[in-house]
Amino acid sequence: MRKILLGDTFFHGLVGFVLGTLLGMLLIVSLGMWGFKFAPEIILEISPLEIVSLGITVLLALYVTSKLTKKTEEDRIEKDLLISDLKEFKAEFVSKVHKILHSKTIKVVEVSSTLKVLRIALNTIIELVDKHNLAQTCAARAELDKRIRDINDLLTDVPQDAHDGTVISGGEISLTAERKDKVVAVLYDFNKLVFEVVAAVNRS
């Protein structure tokens, strides 16, 4: 916001300078037309109409440039906010998954609820990314939700014929090292996808 205010101040100052310069030139030409004499080396070949036309052209150019600059700054702020949200979400998600992995047993209902809330938070961010037409061509956007589902399945889904030694009892699961390694592998992939989305937003 501070950048935008500084940009507006600079634009107003520049407009004032241009107007002052053009008015000065117009005054000089007018004085020449009214009979005031200037030094011989000063040759006035610009008509008042040309000065006015030049002034309008310069002011229009400055106005368009100012608007484009302001729009670019606003777009940059939106991108930075979304990128910040994605990074904060990634940090929170990774932290919670690691905390779950370091637990002796996993409460299925609690873990499922936690991951569901995180999926909702992620989808909210992705909806904002789509709303602002950012990262539209980035396939990683759709893959992020799938990775959370994969992790949820690895942490809470234990088929009756599970052969990896994972045990479920009383709504709690004891994961084997093999299954934990699979969760970590998906987590690495998740981090890579977040990076791709952040990079795509930044390039948009």
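**View 1. Asp-85 sits in helix 2.** Helices here are DSSP runs of H or I with at least four residues, strands are runs of E with at least two, and both are numbered from the N terminus. Asp-85 is partly exposed, with a relative accessible area of 31%; buried means under 20%, exposed over 50%, and partly exposed in between (1.4 Å probe, protein chains only). Along the chain, Asp-85 and Leu-122 are 37 residues apart, and their C-alpha atoms are separated by 9.2 Å. A word on the model: it is predicted, so local features need pLDDT of at least 70 and side-chain atom pairs count only at pLDDT 80 or more, while totals for chains, interfaces and linings use all residues. Residues are numbered from 1 along each chain as its sequence is written, and side-chain values use heavy atoms, with hydrogens and water left out.

**View 2. Lys-79 is another residue of helix 2 (residues 48-101).** Lys-79 is buried, its relative accessible area being 11%. Leaving aside residues up to four places away in sequence, Lys-79 touches Leu-134, Val-201, Asn-202, Arg-203 and Ser-204, where contact means heavy atoms within 4.5 Å.

**View 3. Here is helix 3, residues 108-131.** An α-helix has 3.6 residues a turn, so residues three or four places apart point the same way. After helix 3 comes Asn-133, with a positive phi near 55°.

**View 4. Helix 4 (residues 140-156) packs with helix 5 (residues 177-203).** Their angle is about 165° and their axes are 9 Å apart; axes are lines fitted to C-alpha atoms over the stretch in contact, and angles run from 0 to 180 degrees between N-to-C directions. That makes helix 4 roughly antiparallel to helix 5, a term for angles over 145 degrees. Among the residues that meet are Leu-144, Ile-148 and Ile-151 of helix 4, and Val-186, Phe-190 and Leu-193 of helix 5. The contact residues divide into 13 nonpolar, no polar and 9 charged; Ala, Val, Leu, Ile, Met, Phe, Trp, Tyr, Cys and Pro count as nonpolar, Asp, Glu, Lys and Arg as charged, and the others, Gly among them, as polar.

Definitions and conventions. The expected span of a helix is 1.5 Å times one less than its number of residues. Angles under 35 degrees count as roughly parallel, over 145 as roughly antiparallel, 65 to 115 as roughly perpendicular and the rest as oblique.
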